[in-house]
Amino acid sequence: MSEETAQVAAAIAGELRLMDPEVRASRELAGELLDPEFVEVGASGRRFAYEQLLAELPDKPGASKDGPRYEPSGMTGVVLAPGLVQVTFEARLGDLRSRHSSLWRRRDERSGWRMYHHHATVVPPGVE
């Protein structure tokens, strides 16, 4: 496995972990995957910083074992620079379809790969 392939695989693995209800419901587990400088522009258009997202994530959709779960598709990644990977995909959560783009970075071996930026856009019904 090439270094670039390994970097993309690590970022995708982190992305998938963040969709796990157990991780979403846990401030500690989610905090291990988010960069301290994290920023998100959610599908709602709201902007979230690290602390705000960690506080609200357990109450967001996809955080309950009994509720709907994220179903990702078409997940791909590309290395933009050493230690920086962009992941893009589409996801379904119940009847909601959305497109996502995230940046994952690794500052050092100790901190590992963490999501630095995330953007989601709702896909209206009937749009391909």
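How many residues sit between β5 and β6 in their hairpin, and which glycine in the turn has a positive phi? Six residues lie between the two strands, and the glycine is Gly112, with a phi of about 70°. This is a predicted model, so a quick note on ground rules: local features need pLDDT of at least 70, side-chain atom pairs count only at pLDDT 80 or more, and totals for chains, interfaces and linings use all residues. Numbering starts from 1 along each chain as its sequence is written, and side-chain values use heavy atoms, with hydrogens and water left out.

**The sheet**

- Six strands make an open sheet in the order β2-β1-β6-β5-β4-β3, and the pairing is mixed.
- Here a strand is a DSSP run of E with at least two residues, a helix is a run of H or I with at least four, and both are numbered from the N terminus; two strands pair if DSSP finds at least two bridges between them.
- At the edges are β2 (47-49) and β3 (71-81), each pairing on one side only.
- From one strand to the next, the twist averages 15°.

**Who pairs with whom**

- β4 (residues 84-93) and β5 (residues 96-106) run antiparallel and are joined by ten bridges.
- Glu90 has Arg99 in β5 as its bridge partner.
- β5 also pairs with β6, antiparallel over nine bridges.
- β1 and β6 go parallel, over four bridges.

- Helix α1 (residues 3-18) lies across β1 (34-41), β3, β4, β5 and β6 (113-122), and runs at about 140° to β3.
- Contact means heavy atoms within 4.5 Å; axes are lines fitted to C-alpha atoms, for helices over the stretch in contact, with angles from 0 to 180 degrees between N-to-C directions.

**The largest pocket**

- The largest pocket holds about 490 Å³ of space, a volume being what is filled by probe spheres set on grid points joined across faces, edges and corners.
- A pocket is an open set of points on a 1 Å grid over the protein atoms alone, where a 1.4 Å probe fits, with protein on both sides within 12 Å along at least five of seven lines; lining residues have an atom within 4 Å of a point.
- Its lining has 26 residues, with Arg24, Glu40, Tyr70, His100 and His118 nearest the centre.
- α1, β1, β4, β5 and β6 each give two or more residues to that lining, and β4 has the largest share, with four.
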